[in-house]
Amino acid sequence: MVYKLTLTLLTFLLIAPVVSAQETVAASVEATVGDPPMIDSSLIPAPPSDIKAVDTDNDHGHSITVTWELSADDGSGMNNVLSYEVFRWVPFLMDELDTLRVELARVAAEIDSVGRLTGELKDERAVIWAAIDDMADQMPEAHRMYPEGGEWRLLGKVASGVATYDDTGGKDRKVSDFIPDFSDLYFRVEAVTSDSAIRAASGVAGPVQSYGQWFNTGRTPVFIAFMFFGIMTVFFVIKARRGAELYVRPLAGIEAVDDAIGRATEMGRPILYVLGLGTAADVATIASFTILGRVAKRVAEYQTELIVPTYDPIVMSVAQEVVKSSFSDAGRPEDYNEDIVYFVTQLQFAYVAAVNGTMLRELPATNVYMGKFFAESLLLAETGALAGSIQIAGTDEIAQIPFFIVACDFTLIGEELYAASAYLGREPVLLGSLKAQDYAKAAMILLAIVGVVAAQFEWNWFIELFHVVD
Amino acid sequence: MKRQIPLMLVLVFGMFLIFQYFIPHETSEKAYEFLLDWITIIGIFAMALAIWSLFRVTVAKVRTRKENWGYSIFTLVGLFSMMIFGWTAPNGEGWGWYFIFVLSVLMAIGMLVQTMSVKSGRGLWAGLMFVFLIIAVLIGIFDNAWSFHFMSAEPLENPMFRSFFDFVLMPILATTFSLLAFFIASAAYRAFRARNLLATLLLVSALIVMLRFNPYLTPIFGDYMARTSNWLMNVPNLAAQRAIVMGVGLGIVATALKVILGIERGYMGKG
Amino acid sequence: MNILDKMMRLDRRWIFLFLIVVCVVANAVEFEVPILVNREVQSIYDFIDSLPPDDIVLVAIDYDPNNLAELHPMTFTIVEQCWRKKLKIIFTSLSQNGPGMTDQAIRDITDSMALDRTYNGVEYKGREIVNGIDYTFLGYKPYFALIILGMGQNFRLQFPTDYYGTPLDSLPMMRGVNNYDDIACVMDISGGNITDYWISYGQGRFDFPLALGLTGVMTAQYYPYLGSGQVFGIMGGLLGAAEYEELTENPGLAKDGMRIQLPAHIVIILFIVLGNIGFFIDRRKRKQEGGVQ
């Protein structure tokens with residue numbers, strides 16, 4: 001008993017000074033914030049006024065835009081406002097969420113150090129995840145308790161003269177910048193002078209809730225242009241299907257393909273088809289597949305050899321499929337061999353070395369380069385020229401077009417590559433889309449001319465019509 | 001039916017991705033991220049197919065003793081030795097039996113290729129393959145100087161991996177790239193000829209742009225050269241580039257629309 | 001005429017050989033190429049020169065060893081200028097094969113910074129460069145567009161630790177440094193399309209001063225951004241690097257390389273001129289022959 005008493009006494013003696021020191025600090029903080037008697041009140045600037053907080057537009061939520069009227073002493077009056085500090089009322093539940101995140105980080109570090117996900121760690125992590133989700137779900141409720149169970153926290157600073165602040169957080173509950181949607185948020189702004197103790201607070205803005213939008217109005221011009229073009233394409237496709245005659249100017253590069261295949265057959269040499277460095281998602285590569293289909297069909301008919309080294313695994317798989325069905329379309333499925341299309345490497349210059357080696361060893365009669373090309377364009381095309389092959393190229397990479405023009409016999413420039421598929425197929429539905437492109441181009445030229453005039457007369461509203469906000 | 005289902009998938013996902021661009025909402029973001037994950041997953045499977053294709057084509061060259069088949073052996077050795085280096089790392093100072101292990105694995109693969117290549121005496125080569133394989137497995141089990149790491153970054157620090165990367169691969173890549181300088185020289189020699197008015201204009205502007213920074217000419221021309229070349233770059237050159245970009249942009253949208261609506265099916269092997 | 005005929009049908013391998021001979025000879029002979037500094041390079045120098053000590057510059061090393069020959073000199077000269085001026089540097093390396101090379105480059109530069117140097121009679125004292133105090137190397141993460149966007153919020157979002165595994169908050173120079181607001185400028189040295197993302201996602205969104213160091217072939221593409229004010233300076237190719245070395249009074253690889261590049265350019269121009277002479281004579285000859293017939 002005596003022992004216990006002594007211990008309590010000792011504890012009290014040890015803790016008391018700390019507690020009282022804390023109390024003093026708290027008191028002094030309150031003194032400075034609540035009622036600053038030590039400060040020359042004539043130096044206190046006018047507070048920022050008319051504070052407003054609204055959900056940030058055109059985003060996925062989790063963000064509030066705060067605006068205010070500048071303090072009267074910012075840029076005029078005493079002119080002593082140096083910056084504005086923006087505060088948000090945060091419930092203490094947020095701190096508990098942070099504790100869970102620290103726990104989660106600890107588990108993640110442990111998983112890293114073990115090097116794999118053990119069952120135990122996985123369970124532990126799942127428990128924390130569930131707790132985080134649970135707590136995040138309670139956020140709207142915790143915010144409704146304002147002003148109980150929380151405190152004002154500093155979000156950030158902006159320089160004097162600025163009257164807006166985006167409180168942008170994330171949607172990921174596991175990251176500390178998470179701002180809950182559909183919760184009542186409150187904001188306050190303080191004008192701060194060079195002495196950070198001398199400041200003036202605005203009123204409170206709120207409650208305001210953040211939420212995501214279902215349409216990005218900043219992208220309206222893109223939407224209108226897309227709808228216009230899309231409808232036009234469909235219109236011309238339907239028109240073409242009904243039998244309207246559509247003219248397409250001849251493309252020398254595509255016409256040359258047939259001759260080149262004939263030449264290869266006569267010479268008994270192979271044809272090399274390069275799909276470029278693009279992925280299967282690049283439209284240039286998709287257009288190239290169509291041309292490959294055509295080349296493969298002819299190759300099958302003439303029984304010439306075809307070589308297709310590829311750079312991307314998915315492109316390889318698709319190209320194999322294209323060549324295979326072209327062979328069966330030509331009535332020679334038995335001639336198809338899976339090794340016609342093969343994978344080389346995903347290193348740019350190693351790929352160049354491999355293809356150049358193939359060119360110099362096999363001496364193909366014709367090289368076809370269609371798709372996306374970068375620094376390797378000239379390396380390939382010059383080696384091909386050295387090997388004495390007829391070369392046909394097409395790419396939408398502007399920087400590479402000059403190289404191909406210099407080193408190849410025929411070059412499809414930019415969109416001609418896409419037009420090639422329509423030209424090859426000669427199907428009216430494909431030609432229809434070319435017509436739509438022509439009309440869209442005419443519209444563009446017209447708008448560009450009007451834009452020049454608008455810029456001359458400073459019709460800014462016209463220019464604003466085309467402004468896309470990301 | 002075999003063609004209908006893929007076309008439906010293209011339509012659904014294509015339309016979704018178009019409209020996703022205009023929808024900032026969290027739900028659309030999540031769906032987008034989910035689809036992006038799928039691209040990675042499909043890519044990994046395709047990579048396995050791709051390496052198999054490379055292996056088969058290379059082995060075929062060796063098997064048929066096609067012209068210059070010796071290079072194919074280098075390809076195979078490079079492919080497999082880098083794979084082994086990329087999956088193993090020494091544990092301490094010594095190498096132990098590491099190199100004998102690497103050699104045994106390569107020999108086993110070599111014997112496999114040989115077994116596939118020859119018409120008679122397959123049993124002998126297959127037997128040798130098993131011998132090498134057993135040696136490799138035994139070293140792998142009993143040698144503690146090094147170990148396998150499949151899911152970590154440690155092998156990147158494997159001195160063998162690093163040396164091959166830094167002292168073989170990188171110089172070769174840099175050399176291949178630098179060949180561009182020579183090819184530009186020979187291409188320029190053939191291309192820039194004053195065949196007609198337009199070609200002459202091209203030649204003159206090319207000379208101005210090339211000579212603009214020449215320190216020996218500046219005292220003669222002042223900054224006139226630099227100003228003219230800047231004008232050439234920023235006015236005629238840029239105008240032409242923008243025109244091509246606009247055409248390309250429209251072409252991309254049109255082609256994408258055709259693919260999504262199932263009008264263009266070339267990528268499915270139907271030209 | 002016979003010689004001209006031959007010249008017209010000149011095998012390109014002779015051109016290659018001639019070019020390499022010129023390069024080798026130029027490399028062996030000692031001479032100095034006068035360097036004239038362009039405005040777009042000067043403005044980068046002026047900007048960095050005007051920064052007070054302890055300001056932070058973000059140097060984005062976005063190239064692979066493929067482009068090392070052209071871009072390494074830029075990295076060396078800019079980084080040395082910053083450290084001579086006692087600025088601090090945050091390095092990033094958003095190109096797949098870049099981080100190892102960047103790490104090596106940082107080591108090389110810190111070694112060279114430790115030595116005293118004299119140029120044009122001015123002495124530059126060597127000093128020790130310390131990781132965490134003078135620089136931080138954040139390393140590599142895939143999907144550069146996301147990384148550039150993420151760093152606008154907080155460097156710690158994408159890089160909780162630096163390349164060597166140290167948490168950012170344990171590095172003295174990173175305390176209180178959160179995002180682009182806390183740095184003076186971004187210098188992107190790049191050999192690929194990452195530059196587009198620094199312009200549109202980085203500068204476009206977060207409005208920091210951005211300067212570019214680019215390979216020679218890329219340079220022309222980025223001049224429009226100089227005019228629009230999105231970029232305050234461009235260093236193009238080896239020549240740009242040489243100009244910068246001249247400005248910083250720190251001659252190095254690029255200035256040395258000019259001795260080779262300049263004759264090589266002259267050779268190319270010479271070949272173009274020769275090709276044209278041959279072409280004209282050939283055409284005249286054919287016209288005359290046509291006249292006879």
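Residues are numbered from 1 along each chain as its sequence is written, while chains are lettered from A and ligands numbered from 1 in the order in which they are written. Because this is a predicted model, local features need pLDDT of at least 70 and side-chain atom pairs count only at pLDDT 80 or more, whereas totals for chains, interfaces and linings use all residues.

Visitor: Which ipTM does the predictor give the complex?
Guide: The predictor scores the complex with a pTM as well, and that value is 0.81. The ipTM asked for is 0.89.

Visitor: What share of the residues of chain C score at least 70 in pLDDT?
Guide: The pLDDT is the predictor's confidence in each residue, from 0 to 100. Where pLDDT is low, the predicted coordinates should not be read in detail. Chain C averages a pLDDT of 87, and the share of its residues that score at least 70 is 97%.

Visitor: How far apart do the C-alpha centres of domain 1 and domain 3 of chain A lie?
Guide: The bounds come from an automatic or database domain assignment, which for chain A gives domain 1 (44–91 + 138–208), domain 2 (217–245 + 430–464) and domain 3 (252–426). The C-alpha trace of the chain spans about 110 × 75 × 45 Å along its principal axes. Between the centres of domain 1 and domain 3 of chain A the separation is 59 Å.

Visitor: Which peptide bond is cis, with omega near 5°?
Guide: Most residues other than glycine have a negative phi, and most peptide bonds are trans. The proline concerned, A:Pro147, sits in the loop between α4 (139–144) and β4 (150–159) of chain A. The cis bond runs from A:Tyr146 to A:Pro147.

Visitor: Which helix gives the most to the side of chain A that touches chain B?
Guide: Two residues are in contact if their C-beta atoms, placed from the backbone, lie within 7 Å, and 69 residues of chain A are in contact with 54 residues of chain B. On the chain A side these divide into 36 nonpolar, 19 polar and 14 charged, with Ala, Val, Leu, Ile, Met, Phe, Trp, Tyr, Cys and Pro counted as nonpolar, Asp, Glu, Lys and Arg as charged, and the others, Gly among them, as polar. With ten residues, the helix that gives the most is α8 (residues 313–329) of chain A.

Visitor: What pattern does chain B follow along its sequence?
Guide: Chain B contains nine helices and two strands. Its radius of gyration is 29 Å, well over the 18 Å that the globule rule gives for 271 residues, so chain B is more spread out than a compact globule. Read along the sequence, the pattern is α-α-α-β-α-α-β-α-α-α-α.

Visitor: Is B:Asn68 buried or exposed?
Guide: B:Asn68 is found in the loop between α2 (26–63) and α3 (70–87) of chain B, and has a positive phi of about 60° although it is not a glycine. A residue is buried if 20 or more other C-beta atoms lie within 10 Å of its own, exposed if 12 or fewer, and partly exposed in between, with C-beta atoms placed from the backbone. With 11 other C-beta atoms within 10 Å, B:Asn68 is exposed.

Visitor: What is the bridge partner of C:Leu58 in β2(C)?
Guide: In strand β1 (residues 56–62) of chain C, six of the seven residues are buried. Five bridges join β1(C) to strand β2 (residues 88–92) of chain C, and the two run parallel; strands pair if DSSP finds at least two bridges between them. The partner of C:Leu58 is C:Ile90.

Notes. Helices (H or I, at least four residues) and strands (E, at least two) are DSSP runs, numbered from the N terminus. The radius of gyration is taken over C-alpha atoms; the globule rule is 2.2 Å times the number of residues to the power 0.38.
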